[in-house]
There are 4 protein chains.
Amino acid sequence: MDGVREFSWPVRVYYEDTDAGGVVYYANYLRYMERARTEWLRRLGLDQSTLARDPGILFAVHRIEIDYLRPARLDARLRVTVRIEEVRRTALGLAQSVLPEDEPQAPCCRGRVRVVCVDAERFRPVPLPAFITRRLHED
Amino acid sequence: MDGVREFSWPVRVYYEDTDAGGVVYYANYLRYMERARTEWLRRLGLDQSTLARDPGILFAVHRIEIDYLRPARLDARLRVTVRIEEVRRTALGLAQSVLPEDEPQAPCCRGRVRVVCVDAERFRPVPLPAFITRRLHED
Amino acid sequence: MDGVREFSWPVRVYYEDTDAGGVVYYANYLRYMERARTEWLRRLGLDQSTLARDPGILFAVHRIEIDYLRPARLDARLRVTVRIEEVRRTALGLAQSVLPEDEPQAPCCRGRVRVVCVDAERFRPVPLPAFITRRLHED
Amino acid sequence: MDGVREFSWPVRVYYEDTDAGGVVYYANYLRYMERARTEWLRRLGLDQSTLARDPGILFAVHRIEIDYLRPARLDARLRVTVRIEEVRRTALGLAQSVLPEDEPQAPCCRGRVRVVCVDAERFRPVPLPAFITRRLHED
(Lines give C-alpha, C1' and ligand atoms only; values in the text may rest on other atoms or scores of the structure.)
Protein backbone atom coordinates (compact mmCIF):
# COMPACT_ATOMS: atom_id res chain seq x y z
CA MET A 1 0.00 0.00 0.00
CA ASP A 2 1.61 3.23 -1.06
CA GLY A 3 -1.17 5.61 -0.02
CA VAL A 4 -1.51 6.83 -3.59
CA ARG A 5 -4.25 4.58 -4.88
CA GLU A 6 -7.67 6.05 -4.57
CA PHE A 7 -11.03 4.38 -4.77
CA SER A 8 -13.98 6.39 -6.03
CA TRP A 9 -17.72 5.82 -6.13
CA PRO A 10 -20.38 7.75 -8.09
CA VAL A 11 -23.34 9.36 -6.32
CA ARG A 12 -26.29 11.27 -7.70
CA VAL A 13 -28.06 14.02 -5.73
CA TYR A 14 -31.78 13.35 -5.25
CA TYR A 15 -34.49 15.40 -3.53
CA GLU A 16 -34.01 13.27 -0.39
CA ASP A 17 -30.45 14.63 -0.08
CA THR A 18 -31.25 18.32 -0.37
CA ASP A 19 -32.74 20.81 2.07
CA ALA A 20 -34.75 24.00 1.88
CA GLY A 21 -31.51 25.94 1.21
CA GLY A 22 -31.58 24.23 -2.21
CA VAL A 23 -28.38 22.26 -1.61
CA VAL A 24 -27.27 18.93 -0.17
CA TYR A 25 -27.89 18.87 3.61
CA TYR A 26 -24.53 18.84 5.42
CA ALA A 27 -25.09 15.53 7.23
CA ASN A 28 -25.85 13.77 3.96
CA TYR A 29 -22.28 14.04 2.72
CA LEU A 30 -21.49 11.63 5.57
CA ARG A 31 -23.96 9.18 4.07
CA TYR A 32 -22.21 9.54 0.71
CA MET A 33 -18.84 8.98 2.38
CA GLU A 34 -20.08 5.84 4.03
CA ARG A 35 -21.46 4.46 0.78
CA ALA A 36 -18.00 4.91 -0.72
CA ARG A 37 -16.27 3.23 2.25
CA THR A 38 -18.72 0.34 1.99
CA GLU A 39 -18.10 -0.12 -1.73
CA TRP A 40 -14.35 0.20 -1.24
CA LEU A 41 -14.48 -2.60 1.36
CA ARG A 42 -16.72 -4.63 -0.91
CA ARG A 43 -14.20 -4.32 -3.73
CA LEU A 44 -11.64 -5.72 -1.30
CA GLY A 45 -13.97 -8.67 -0.77
CA LEU A 46 -15.26 -7.44 2.59
CA ASP A 47 -19.04 -7.31 3.09
CA GLN A 48 -20.00 -5.54 6.28
CA SER A 49 -23.13 -7.61 6.85
CA THR A 50 -20.94 -10.76 6.65
CA LEU A 51 -18.28 -9.28 8.94
CA ALA A 52 -20.96 -8.39 11.52
CA ARG A 53 -21.92 -12.08 11.77
CA ASP A 54 -18.46 -13.57 11.42
CA PRO A 55 -16.06 -12.61 12.99
CA GLY A 56 -18.62 -10.30 14.66
CA ILE A 57 -17.04 -6.92 13.96
CA LEU A 58 -18.19 -3.52 12.77
CA PHE A 59 -16.29 -0.48 11.59
CA ALA A 60 -17.42 2.36 13.83
CA VAL A 61 -16.56 5.94 12.98
CA HIS A 62 -14.47 7.41 15.77
CA ARG A 63 -13.64 10.83 14.46
CA ILE A 64 -14.44 13.01 11.48
CA GLU A 65 -13.02 16.30 10.28
CA ILE A 66 -14.79 17.74 7.28
CA ASP A 67 -14.36 20.99 5.38
CA TYR A 68 -17.38 22.04 3.36
CA LEU A 69 -16.09 23.92 0.35
CA ARG A 70 -18.99 24.43 -2.01
CA PRO A 71 -22.57 23.25 -2.14
CA ALA A 72 -23.91 20.49 -4.41
CA ARG A 73 -27.39 20.87 -5.87
CA LEU A 74 -30.24 18.65 -7.00
CA ASP A 75 -29.35 16.31 -9.89
CA ALA A 76 -25.60 16.86 -9.49
CA ARG A 77 -23.37 13.91 -10.29
CA LEU A 78 -20.76 13.50 -7.60
CA ARG A 79 -17.84 11.21 -7.01
CA VAL A 80 -16.76 10.15 -3.53
CA THR A 81 -13.17 9.12 -2.93
CA VAL A 82 -11.51 6.94 -0.30
CA ARG A 83 -7.78 6.81 0.32
CA ILE A 84 -6.02 5.05 3.21
CA GLU A 85 -3.82 7.38 5.21
CA GLU A 86 -2.96 5.07 8.09
CA VAL A 87 -3.51 1.46 9.17
CA ARG A 88 -3.20 0.89 12.91
CA ARG A 89 -3.86 -2.10 15.14
CA THR A 90 -7.55 -1.36 15.73
CA ALA A 91 -8.20 1.64 13.46
CA LEU A 92 -7.94 3.04 9.96
CA GLY A 93 -7.34 6.64 8.99
CA LEU A 94 -9.01 7.53 5.70
CA ALA A 95 -9.01 10.64 3.52
CA GLN A 96 -12.29 11.20 1.70
CA SER A 97 -13.61 13.82 -0.71
CA VAL A 98 -16.86 14.51 -2.49
CA LEU A 99 -16.24 15.97 -5.95
CA PRO A 100 -18.51 17.17 -8.75
CA GLU A 101 -18.15 14.66 -11.58
CA ASP A 102 -17.62 17.45 -14.09
CA GLU A 103 -15.33 19.62 -11.98
CA PRO A 104 -13.29 17.27 -9.78
CA GLN A 105 -10.70 19.94 -8.98
CA ALA A 106 -13.33 21.91 -6.99
CA PRO A 107 -14.49 19.53 -4.24
CA CYS A 108 -17.80 19.96 -2.40
CA CYS A 109 -16.15 18.75 0.76
CA ARG A 110 -13.14 16.84 1.92
CA GLY A 111 -12.07 15.40 5.20
CA ARG A 112 -10.60 12.71 7.35
CA VAL A 113 -12.49 9.81 8.81
CA ARG A 114 -11.07 7.52 11.48
CA VAL A 115 -12.86 4.19 11.74
CA VAL A 116 -12.27 1.72 14.54
CA CYS A 117 -12.79 -2.00 14.38
CA VAL A 118 -15.19 -2.91 17.22
CA ASP A 119 -16.96 -6.06 18.33
CA ALA A 120 -20.55 -5.99 17.08
CA GLU A 121 -22.09 -6.55 20.52
CA ARG A 122 -20.44 -4.12 22.86
CA PHE A 123 -18.67 -1.72 20.49
CA ARG A 124 -15.28 -2.28 22.16
CA PRO A 125 -12.20 -1.82 19.93
CA VAL A 126 -10.65 -5.08 18.75
CA PRO A 127 -7.59 -5.62 16.54
CA LEU A 128 -8.24 -5.63 12.80
CA PRO A 129 -8.36 -9.31 11.77
CA ALA A 130 -5.24 -10.37 9.87
CA PHE A 131 -7.21 -11.23 6.70
CA ILE A 132 -8.49 -7.63 6.60
CA THR A 133 -5.08 -6.02 7.16
CA ARG A 134 -3.70 -8.21 4.41
CA ARG A 135 -6.31 -7.07 1.90
CA LEU A 136 -5.82 -3.44 2.87
CA HIS A 137 -2.11 -3.75 2.19
CA GLU A 138 -2.75 -5.43 -1.13
CA ASP A 139 -5.05 -2.56 -2.10
CA MET B 1 -61.57 1.81 23.97
CA ASP B 2 -64.17 3.81 22.10
CA GLY B 3 -62.02 4.82 19.14
CA VAL B 4 -62.54 8.48 19.94
CA ARG B 5 -59.53 9.23 22.06
CA GLU B 6 -56.66 10.64 20.15
CA PHE B 7 -53.02 10.93 21.11
CA SER B 8 -50.98 13.78 19.68
CA TRP B 9 -47.29 14.62 19.64
CA PRO B 10 -45.61 17.93 18.69
CA VAL B 11 -42.98 18.06 15.95
CA ARG B 12 -40.92 20.96 14.67
CA VAL B 13 -39.70 21.16 11.06
CA TYR B 14 -35.90 21.47 10.79
CA TYR B 15 -33.65 21.81 7.74
CA GLU B 16 -33.03 18.03 7.86
CA ASP B 17 -36.74 17.47 7.13
CA THR B 18 -37.03 19.73 4.11
CA ASP B 19 -35.93 19.34 0.50
CA ALA B 20 -34.95 21.63 -2.35
CA GLY B 21 -38.65 22.22 -3.08
CA GLY B 22 -38.63 24.24 0.17
CA VAL B 23 -41.05 21.89 1.96
CA VAL B 24 -40.96 18.76 4.10
CA TYR B 25 -39.79 15.77 2.01
CA TYR B 26 -42.67 13.33 1.58
CA ALA B 27 -40.96 10.37 3.25
CA ASN B 28 -40.24 12.43 6.35
CA TYR B 29 -43.91 12.59 7.35
CA LEU B 30 -43.53 8.84 7.92
CA ARG B 31 -40.74 9.56 10.37
CA TYR B 32 -43.02 12.02 12.17
CA MET B 33 -45.80 9.45 12.25
CA GLU B 34 -43.50 6.89 13.76
CA ARG B 35 -42.31 9.27 16.44
CA ALA B 36 -45.96 9.77 17.41
CA ARG B 37 -46.68 6.02 17.45
CA THR B 38 -43.59 5.49 19.61
CA GLU B 39 -44.62 8.16 22.10
CA TRP B 40 -48.19 6.87 22.16
CA LEU B 41 -46.90 3.38 23.03
CA ARG B 42 -44.54 4.87 25.60
CA ARG B 43 -47.45 6.67 27.25
CA LEU B 44 -49.14 3.26 27.49
CA GLY B 45 -46.02 2.03 29.28
CA LEU B 46 -44.61 0.22 26.25
CA ASP B 47 -40.99 0.92 25.29
CA GLN B 48 -40.09 -0.59 21.95
CA SER B 49 -36.45 -1.21 22.88
CA THR B 50 -37.68 -3.19 25.92
CA LEU B 51 -40.27 -5.09 23.85
CA ALA B 52 -37.58 -6.05 21.32
CA ARG B 53 -35.61 -7.80 24.06
CA ASP B 54 -38.54 -9.21 26.04
CA PRO B 55 -40.84 -10.69 24.76
CA GLY B 56 -38.79 -10.23 21.56
CA ILE B 57 -41.33 -8.44 19.39
CA LEU B 58 -41.37 -5.47 17.04
CA PHE B 59 -44.19 -3.53 15.47
CA ALA B 60 -43.55 -3.67 11.73
CA VAL B 61 -45.49 -1.44 9.36
CA HIS B 62 -47.47 -3.62 6.95
CA ARG B 63 -49.41 -1.07 4.97
CA ILE B 64 -49.69 2.68 4.67
CA GLU B 65 -52.14 4.89 2.82
CA ILE B 66 -51.32 8.57 2.98
CA ASP B 67 -52.92 11.60 1.39
CA TYR B 68 -50.66 14.61 1.16
CA LEU B 69 -52.85 17.68 1.44
CA ARG B 70 -50.62 20.68 1.83
CA PRO B 71 -46.91 21.19 2.33
CA ALA B 72 -45.23 22.09 5.63
CA ARG B 73 -42.26 24.43 5.56
CA LEU B 74 -39.10 25.08 7.58
CA ASP B 75 -39.73 26.09 11.21
CA ALA B 76 -43.39 24.99 11.12
CA ARG B 77 -44.81 23.57 14.33
CA LEU B 78 -46.76 20.43 13.63
CA ARG B 79 -48.81 18.01 15.65
CA VAL B 80 -49.00 14.32 14.81
CA THR B 81 -52.03 12.32 15.88
CA VAL B 82 -52.61 8.62 16.52
CA ARG B 83 -56.00 7.00 16.86
CA ILE B 84 -56.75 3.27 17.03
CA GLU B 85 -59.17 2.15 14.36
CA GLU B 86 -58.89 -1.59 14.82
CA VAL B 87 -57.23 -4.11 17.13
CA ARG B 88 -56.79 -7.57 15.63
CA ARG B 89 -55.01 -10.68 16.78
CA THR B 90 -51.62 -9.79 15.30
CA ALA B 91 -52.18 -6.28 13.95
CA LEU B 92 -53.33 -2.76 14.72
CA GLY B 93 -55.07 -0.35 12.37
CA LEU B 94 -54.22 3.27 13.15
CA ALA B 95 -55.42 6.58 11.78
CA GLN B 96 -52.74 9.28 11.77
CA SER B 97 -52.59 12.91 10.72
CA VAL B 98 -49.95 15.63 10.62
CA LEU B 99 -51.49 19.02 11.39
CA PRO B 100 -50.09 22.55 11.56
CA GLU B 101 -50.18 23.56 15.23
CA ASP B 102 -51.83 26.86 14.36
CA GLU B 103 -54.28 25.55 11.76
CA PRO B 104 -55.24 22.02 12.82
CA GLN B 105 -58.30 21.95 10.59
CA ALA B 106 -56.05 22.00 7.49
CA PRO B 107 -53.85 18.88 7.79
CA CYS B 108 -50.57 18.49 5.93
CA CYS B 109 -51.31 14.83 5.47
CA ARG B 110 -53.45 12.08 6.88
CA GLY B 111 -53.58 8.38 6.46
CA ARG B 112 -53.89 4.89 7.74
CA VAL B 113 -51.08 2.76 9.06
CA ARG B 114 -51.38 -0.94 9.72
CA VAL B 115 -48.72 -2.30 12.07
CA VAL B 116 -48.16 -5.98 12.66
CA CYS B 117 -46.66 -7.54 15.75
CA VAL B 118 -43.70 -9.67 14.59
CA ASP B 119 -40.98 -11.64 16.31
CA ALA B 120 -37.78 -9.58 16.38
CA GLU B 121 -35.65 -12.27 14.75
CA ARG B 122 -37.54 -13.46 11.73
CA PHE B 123 -40.24 -10.81 11.30
CA ARG B 124 -43.05 -13.43 11.37
CA PRO B 125 -46.44 -12.21 12.67
CA VAL B 126 -47.17 -13.25 16.25
CA PRO B 127 -50.27 -12.54 18.36
CA LEU B 128 -50.22 -9.29 20.30
CA PRO B 129 -49.24 -10.20 23.87
CA ALA B 130 -52.20 -10.01 26.27
CA PHE B 131 -50.59 -7.26 28.37
CA ILE B 132 -50.38 -5.06 25.28
CA THR B 133 -53.97 -5.67 24.15
CA ARG B 134 -55.10 -4.86 27.67
CA ARG B 135 -53.32 -1.51 27.70
CA LEU B 136 -54.64 -0.65 24.25
CA HIS B 137 -58.19 -1.28 25.45
CA GLU B 138 -57.62 0.82 28.55
CA ASP B 139 -56.35 3.66 26.34
CA MET C 1 -48.17 4.02 -24.00
CA ASP C 2 -49.55 0.59 -23.36
CA GLY C 3 -49.03 0.49 -19.60
CA VAL C 4 -46.89 -2.59 -19.95
CA ARG C 5 -43.43 -1.09 -20.17
CA GLU C 6 -41.68 -0.92 -16.90
CA PHE C 7 -38.66 1.10 -15.90
CA SER C 8 -36.37 -0.24 -13.19
CA TRP C 9 -33.50 1.21 -11.20
CA PRO C 10 -30.95 -0.61 -9.01
CA VAL C 11 -30.49 0.34 -5.37
CA ARG C 12 -28.09 -1.01 -2.77
CA VAL C 13 -28.95 -1.09 0.95
CA TYR C 14 -26.40 0.81 3.09
CA TYR C 15 -26.22 1.34 6.86
CA GLU C 16 -27.94 4.73 6.41
CA ASP C 17 -31.05 2.91 5.13
CA THR C 18 -31.42 0.42 7.95
CA ASP C 19 -32.69 0.74 11.51
CA ALA C 20 -32.11 -1.01 14.83
CA GLY C 21 -34.55 -3.75 13.75
CA GLY C 22 -31.78 -4.79 11.31
CA VAL C 23 -33.84 -4.01 8.21
CA VAL C 24 -34.55 -1.08 5.88
CA TYR C 25 -36.53 1.62 7.73
CA TYR C 26 -40.03 1.83 6.28
CA ALA C 27 -39.82 5.47 5.19
CA ASN C 28 -36.64 4.77 3.23
CA TYR C 29 -38.46 2.71 0.61
CA LEU C 30 -40.11 6.00 -0.34
CA ARG C 31 -36.66 7.46 -0.95
CA TYR C 32 -35.85 4.47 -3.18
CA MET C 33 -39.13 4.94 -5.05
CA GLU C 34 -38.37 8.56 -5.64
CA ARG C 35 -34.89 7.81 -6.96
CA ALA C 36 -36.51 5.48 -9.47
CA ARG C 37 -39.13 8.06 -10.50
CA THR C 38 -36.36 10.64 -10.93
CA GLU C 39 -34.27 8.33 -13.12
CA TRP C 40 -37.32 7.29 -15.12
CA LEU C 41 -38.06 10.97 -15.84
CA ARG C 42 -34.41 11.58 -16.64
CA ARG C 43 -34.47 8.75 -19.16
CA LEU C 44 -37.42 10.54 -20.76
CA GLY C 45 -35.22 13.65 -20.99
CA LEU C 46 -36.82 15.38 -18.01
CA ASP C 47 -34.52 16.76 -15.30
CA GLN C 48 -36.43 17.90 -12.25
CA SER C 49 -33.96 20.65 -11.38
CA THR C 50 -34.42 22.04 -14.91
CA LEU C 51 -38.22 21.72 -14.74
CA ALA C 52 -38.24 23.60 -11.42
CA ARG C 53 -36.62 26.60 -13.11
CA ASP C 54 -38.39 26.38 -16.47
CA PRO C 55 -41.39 26.02 -16.74
CA GLY C 56 -41.33 26.28 -12.94
CA ILE C 57 -43.03 23.02 -12.00
CA LEU C 58 -42.49 20.22 -9.51
CA PHE C 59 -43.98 16.77 -9.22
CA ALA C 60 -45.48 16.62 -5.73
CA VAL C 61 -46.61 13.31 -4.27
CA HIS C 62 -50.33 13.50 -3.56
CA ARG C 63 -51.11 10.02 -2.38
CA ILE C 64 -49.28 6.80 -1.61
CA GLU C 65 -50.51 3.31 -0.84
CA ILE C 66 -47.76 0.87 0.05
CA ASP C 67 -47.83 -2.75 1.14
CA TYR C 68 -44.72 -3.89 2.96
CA LEU C 69 -44.26 -7.55 2.17
CA ARG C 70 -40.86 -8.59 3.43
CA PRO C 71 -37.89 -6.77 4.90
CA ALA C 72 -34.67 -5.96 3.06
CA ARG C 73 -31.40 -6.12 4.97
CA LEU C 74 -27.98 -4.47 4.90
CA ASP C 75 -26.04 -5.00 1.64
CA ALA C 76 -29.11 -6.27 -0.24
CA ARG C 77 -29.28 -5.43 -3.94
CA LEU C 78 -32.72 -4.16 -4.82
CA ARG C 79 -34.48 -3.06 -7.96
CA VAL C 80 -37.15 -0.36 -7.96
CA THR C 81 -39.75 -0.34 -10.69
CA VAL C 82 -41.96 2.39 -12.16
CA ARG C 83 -44.95 1.79 -14.40
CA ILE C 84 -47.51 4.36 -15.53
CA GLU C 85 -51.05 3.40 -14.62
CA GLU C 86 -52.80 6.63 -15.52
CA VAL C 87 -52.03 10.00 -17.10
CA ARG C 88 -54.46 12.76 -16.20
CA ARG C 89 -54.53 16.47 -16.84
CA THR C 90 -52.52 17.46 -13.75
CA ALA C 91 -51.53 14.10 -12.28
CA LEU C 92 -49.88 10.75 -12.91
CA GLY C 93 -50.77 7.43 -11.32
CA LEU C 94 -47.75 5.17 -10.98
CA ALA C 95 -47.29 1.59 -9.81
CA GLN C 96 -43.98 0.99 -8.05
CA SER C 97 -42.29 -2.01 -6.46
CA VAL C 98 -39.05 -2.67 -4.63
CA LEU C 99 -37.73 -6.14 -5.44
CA PRO C 100 -34.69 -8.13 -4.30
CA GLU C 101 -32.37 -8.35 -7.32
CA ASP C 102 -31.96 -12.10 -6.81
CA GLU C 103 -35.59 -12.89 -6.02
CA PRO C 104 -37.76 -10.45 -8.00
CA GLN C 105 -40.89 -12.56 -7.58
CA ALA C 106 -40.90 -11.82 -3.83
CA PRO C 107 -41.12 -8.01 -3.55
CA CYS C 108 -40.10 -6.11 -0.41
CA CYS C 109 -42.92 -3.70 -1.01
CA ARG C 110 -45.22 -2.52 -3.73
CA GLY C 111 -47.65 0.30 -4.07
CA ARG C 112 -49.22 3.14 -5.91
CA VAL C 113 -47.99 6.68 -6.03
CA ARG C 114 -49.98 9.57 -7.38
CA VAL C 115 -47.90 12.60 -8.30
CA VAL C 116 -49.36 15.96 -9.16
CA CYS C 117 -47.76 18.59 -11.33
CA VAL C 118 -47.62 21.81 -9.27
CA ASP C 119 -46.16 25.25 -9.74
CA ALA C 120 -42.84 25.46 -7.90
CA GLU C 121 -43.78 28.55 -5.92
CA ARG C 122 -47.18 27.90 -4.44
CA PHE C 123 -47.64 24.16 -4.96
CA ARG C 124 -50.94 24.64 -6.83
CA PRO C 125 -51.81 21.94 -9.38
CA VAL C 126 -51.15 22.94 -12.98
CA PRO C 127 -51.73 20.96 -16.19
CA LEU C 128 -48.88 18.71 -17.27
CA PRO C 129 -47.02 20.62 -19.99
CA ALA C 130 -47.68 19.16 -23.47
CA PHE C 131 -44.00 18.25 -24.01
CA ILE C 132 -44.12 16.09 -20.88
CA THR C 133 -47.37 14.32 -21.78
CA ARG C 134 -45.92 13.62 -25.20
CA ARG C 135 -42.81 11.97 -23.79
CA LEU C 136 -44.86 9.94 -21.34
CA HIS C 137 -46.95 8.60 -24.19
CA GLU C 138 -43.87 7.77 -26.21
CA ASP C 139 -42.47 5.86 -23.22
CA MET D 1 -20.69 36.97 26.11
CA ASP D 2 -18.30 35.15 28.38
CA GLY D 3 -18.23 31.83 26.52
CA VAL D 4 -19.45 30.02 29.62
CA ARG D 5 -23.18 29.96 29.03
CA GLU D 6 -24.40 26.84 27.37
CA PHE D 7 -27.65 26.19 25.62
CA SER D 8 -29.03 22.66 25.62
CA TRP D 9 -31.83 20.93 23.77
CA PRO D 10 -33.42 17.52 24.48
CA VAL D 11 -33.55 14.84 21.81
CA ARG D 12 -35.06 11.35 21.88
CA VAL D 13 -33.65 8.48 19.78
CA TYR D 14 -36.26 6.94 17.44
CA TYR D 15 -35.99 4.04 15.00
CA GLU D 16 -35.38 6.54 12.18
CA ASP D 17 -32.12 7.58 13.90
CA THR D 18 -30.63 4.13 14.37
CA ASP D 19 -28.99 1.69 11.98
CA ALA D 20 -28.53 -2.06 11.72
CA GLY D 21 -25.64 -1.85 14.19
CA GLY D 22 -28.34 -1.10 16.79
CA VAL D 23 -27.09 2.42 17.52
CA VAL D 24 -27.57 5.97 16.25
CA TYR D 25 -26.17 6.30 12.71
CA TYR D 26 -23.12 8.59 12.79
CA ALA D 27 -24.51 11.21 10.40
CA ASN D 28 -27.62 11.61 12.52
CA TYR D 29 -25.74 13.26 15.38
CA LEU D 30 -25.22 16.12 12.92
CA ARG D 31 -28.99 16.39 12.58
CA TYR D 32 -29.28 16.55 16.36
CA MET D 33 -26.58 19.23 16.49
CA GLU D 34 -28.41 21.29 13.94
CA ARG D 35 -31.69 21.04 15.80
CA ALA D 36 -29.90 22.43 18.86
CA ARG D 37 -28.29 25.26 16.87
CA THR D 38 -31.69 26.12 15.40
CA GLU D 39 -33.36 26.22 18.81
CA TRP D 40 -30.50 28.21 20.28
CA LEU D 41 -30.92 30.81 17.51
CA ARG D 42 -34.68 30.75 18.00
CA ARG D 43 -34.22 31.46 21.70
CA LEU D 44 -32.17 34.51 20.63
CA GLY D 45 -35.15 35.58 18.53
CA LEU D 46 -33.65 34.43 15.23
CA ASP D 47 -35.78 32.22 12.99
CA GLN D 48 -33.83 30.79 10.10
CA SER D 49 -36.80 30.74 7.73
CA THR D 50 -37.28 34.48 8.42
CA LEU D 51 -33.57 35.23 8.01
CA ALA D 52 -33.56 33.40 4.66
CA ARG D 53 -36.19 35.83 3.33
CA ASP D 54 -34.96 38.98 5.07
CA PRO D 55 -32.08 39.85 5.06
CA GLY D 56 -31.60 36.82 2.78
CA ILE D 57 -28.95 34.93 4.73
CA LEU D 58 -28.31 31.36 5.76
CA PHE D 59 -25.89 29.84 8.22
CA ALA D 60 -23.90 27.28 6.23
CA VAL D 61 -21.69 24.78 8.00
CA HIS D 62 -18.10 25.30 6.89
CA ARG D 63 -16.22 22.83 9.02
CA ILE D 64 -16.94 20.12 11.55
CA GLU D 65 -14.70 18.10 13.81
CA ILE D 66 -16.49 15.41 15.78
CA ASP D 67 -15.25 12.76 18.16
CA TYR D 68 -17.60 9.83 18.59
CA LEU D 69 -17.14 8.56 22.13
CA ARG D 70 -19.89 6.06 22.82
CA PRO D 71 -22.98 4.90 20.98
CA ALA D 72 -26.55 5.93 21.80
CA ARG D 73 -29.32 3.36 21.40
CA LEU D 74 -33.03 3.30 20.59
CA ASP D 75 -35.22 5.19 23.10
CA ALA D 76 -32.24 6.98 24.69
CA ARG D 77 -32.88 10.51 25.96
CA LEU D 78 -30.10 12.79 24.86
CA ARG D 79 -29.22 16.42 25.38
CA VAL D 80 -27.44 18.49 22.75
CA THR D 81 -25.40 21.48 23.82
CA VAL D 82 -24.29 24.64 22.00
CA ARG D 83 -21.63 27.01 23.26
CA ILE D 84 -20.10 29.94 21.36
CA GLU D 85 -16.34 29.70 21.12
CA GLU D 86 -15.69 32.50 18.68
CA VAL D 87 -17.59 35.26 16.87
CA ARG D 88 -15.90 36.53 13.72
CA ARG D 89 -16.95 38.91 10.98
CA THR D 90 -18.67 36.30 8.81
CA ALA D 91 -18.46 33.15 10.95
CA LEU D 92 -19.20 31.57 14.30
CA GLY D 93 -17.19 28.88 16.05
CA LEU D 94 -19.39 26.64 18.20
CA ALA D 95 -18.65 23.79 20.59
CA GLN D 96 -21.35 21.13 20.64
CA SER D 97 -21.88 17.87 22.52
CA VAL D 98 -24.48 15.13 22.55
CA LEU D 99 -24.91 13.74 26.08
CA PRO D 100 -27.07 10.99 27.56
CA GLU D 101 -29.67 12.72 29.73
CA ASP D 102 -28.93 10.35 32.62
CA GLU D 103 -25.16 10.32 32.30
CA PRO D 104 -24.10 13.74 31.01
CA GLN D 105 -20.47 13.24 32.06
CA ALA D 106 -20.10 10.49 29.40
CA PRO D 107 -20.89 12.20 26.07
CA CYS D 108 -21.90 10.25 22.96
CA CYS D 109 -19.97 12.71 20.85
CA ARG D 110 -18.54 16.18 21.00
CA GLY D 111 -17.08 18.51 18.49
CA ARG D 112 -16.63 21.87 16.90
CA VAL D 113 -18.82 23.34 14.22
CA ARG D 114 -17.92 26.43 12.25
CA VAL D 115 -20.89 28.11 10.58
CA VAL D 116 -20.55 30.89 8.05
CA CYS D 117 -23.13 33.53 7.28
CA VAL D 118 -23.83 33.36 3.53
CA ASP D 119 -26.25 35.01 1.17
CA ALA D 120 -29.17 32.67 0.50
CA GLU D 121 -28.82 32.81 -3.29
CA ARG D 122 -25.20 32.22 -4.05
CA PHE D 123 -23.81 30.94 -0.75
CA ARG D 124 -21.10 33.65 -0.63
CA PRO D 125 -19.91 34.68 2.85
CA VAL D 126 -21.37 37.97 4.06
CA PRO D 127 -20.76 39.79 7.36
CA LEU D 128 -23.03 38.80 10.22
CA PRO D 129 -25.74 41.48 10.42
CA ALA D 130 -25.24 43.81 13.39
CA PHE D 131 -28.56 42.80 15.00
CA ILE D 132 -27.38 39.19 15.07
CA THR D 133 -23.95 39.95 16.53
CA ARG D 134 -25.65 42.04 19.19
CA ARG D 135 -27.92 39.21 20.24
CA LEU D 136 -25.03 36.76 20.29
CA HIS D 137 -23.12 39.05 22.63
CA GLU D 138 -26.13 39.45 24.87
CA ASP D 139 -26.46 35.66 25.04
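Helices here are DSSP runs of H or I with at least four residues, strands are runs of E with at least two, and both are numbered from the N terminus. Read along the sequence, the order in chain A is β-α-α-β-β-β-β-α.

Notes on conventions. Residues are numbered from 1 along each chain as its sequence is written, while chains are lettered from A and ligands numbered from 1 in the order in which they are written. In this predicted model local features need pLDDT of at least 70, side-chain atom pairs count only at pLDDT 80 or more, and totals for chains, interfaces and linings use all residues; side-chain values use heavy atoms, with hydrogens and water left out.

**Chain A as a whole**

I looked up the extent of chain A: its C-alpha atoms fill a box of roughly 45 × 30 × 25 Å along the principal axes.

I then checked burial, where buried means under 20% relative accessible area, exposed over 50%, and partly exposed in between (1.4 Å probe, protein chains only). Of the 139 residues in chain A, 59% are buried.

For contacts I used heavy atoms within 4.5 Å. Among the contacts in chain A between residues at least 6 apart in sequence, 68% join residues at least 24 apart.

**How the copies are related**

I noted the general rule that two copies of a chain are related by a rotation about an axis and a shift along it. Copies are superposed by least squares on the C-alpha atoms of residues with pLDDT of at least 70 in both. Chain A goes onto chain D by a rotation of 180° with 0.0 Å of shift along the axis, at an RMSD of 0.0 Å. That is the relation of a two-fold axis. A:Glu65 is the residue of chain A that comes closest to this rotation axis, its C-alpha lying at 2.2 Å. Since 100% of the interface residues of chain A are also interface residues in chain D, the copies meet through the same surface.

The same surface serves both copies, as 100% of the contact residues of chain B recur in chain A.

**Two residues**

I picked D:Val82, which is in strand 3 (residues 77-87) of chain D. D:Val82 has 1% relative accessibility and so counts as buried. Beyond four places in sequence, its contacts include D:Phe7, D:Trp40 and D:Leu94. D:Trp40 is 42 residues away from D:Val82 in sequence, yet the C-alpha atoms are 7.4 Å apart.

I also picked A:Arg124, in the loop between strand 5 (109-119) and helix 3 (130-138) of chain A. A:Arg124 is partly exposed, because its relative accessibility is 46%. Not counting residues up to four places away, A:Arg124 touches A:Cys117, A:Val118 and A:Asp119.
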